[in-house]
Amino acid sequence: MNNYCIACETLITGRSDKKFCNNNCRSDYNNQVNKDRDFPMRRINKILKRNKLILSRFLLQETLSLNTSILTAAGFDFNYYTHREKDEMGNLYTYCYEYGYAKGKEHKIMLKKN
Ligand SMILES: [Zn+2]
């Protein structure tokens with residue numbers, strides 16, 4: 001039975017248990033597998049980092065009338081966050097890493113850094 005390299009599909013000569021024709025093909029193939037496997041995590045991390053950056057920017061600016069539509073317009077994605085925590089007042093804060101927001105009345109947003 002003939003063996004073909006699973007990276008480049010070249011016919012492999014020699015030992016029949018070889019999966020790759022050479023080390024380049026082996027590392028190309030493994031890199032591609034790792035890339036595909038890590039892709040969802042990288043995509044989500046990117047969104048979380050952007051969310052965090054947006055929160056940190058608005059926290060610095062101390063925007064008084066900050067609301068959900070301003071955050072959305074800035075590119076904030078409310079579907080992605082790292083954790084939730086209630087503060088001592090009972091407000092539920094949603095965090096992207098160390099930056100959190102809580103929804104107040106009339107879509108108002110409160111920010112904090114932990
Ligand atoms: Zn090959």
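## Helices, strands and the model

Helices (H or I, at least four residues) and strands (E, at least two) are DSSP runs, numbered from the N terminus. Arg57, for instance, lies in helix H1.

What you have here is a predicted model, where local features need pLDDT of at least 70, side-chain atom pairs count only at pLDDT 80 or more, and totals for chains, interfaces and linings use all residues. Residues are numbered from 1 along each chain as its sequence is written.

## Overall layout

The protein chain has 2 helices and 6 strands, arranged along the sequence as β-β-α-α-β-β-β-β. Its C-alpha atoms fill a box of roughly 70 × 25 × 20 Å along the principal axes.

Of the 114 residues, 11% count as buried (20 or more other C-beta atoms within 10 Å of the residue's own; exposed means 12 or fewer, partly exposed in between, with C-beta atoms placed from the backbone).

## The nonpolar core

Which residues make up the largest nonpolar core? They are Ile54, Leu55, Leu71, Phe76, Tyr95, Cys96, Tyr99 and Tyr101. Such a core is a set of buried Ala, Val, Leu, Ile, Met, Phe, Trp, Tyr and Cys residues joined through C-beta atoms within 7 Å. Helix H1 (23-61), strand S4 (92-96) and strand S5 (99-103) each give two or more residues to this core.

## A look at Arg57

Is Arg57 buried or exposed? Arg57 is exposed, because 12 other C-beta atoms lie within 10 Å. Arg57 and Tyr93 are 36 residues apart in sequence, and their C-alpha atoms are 17 Å apart in space.
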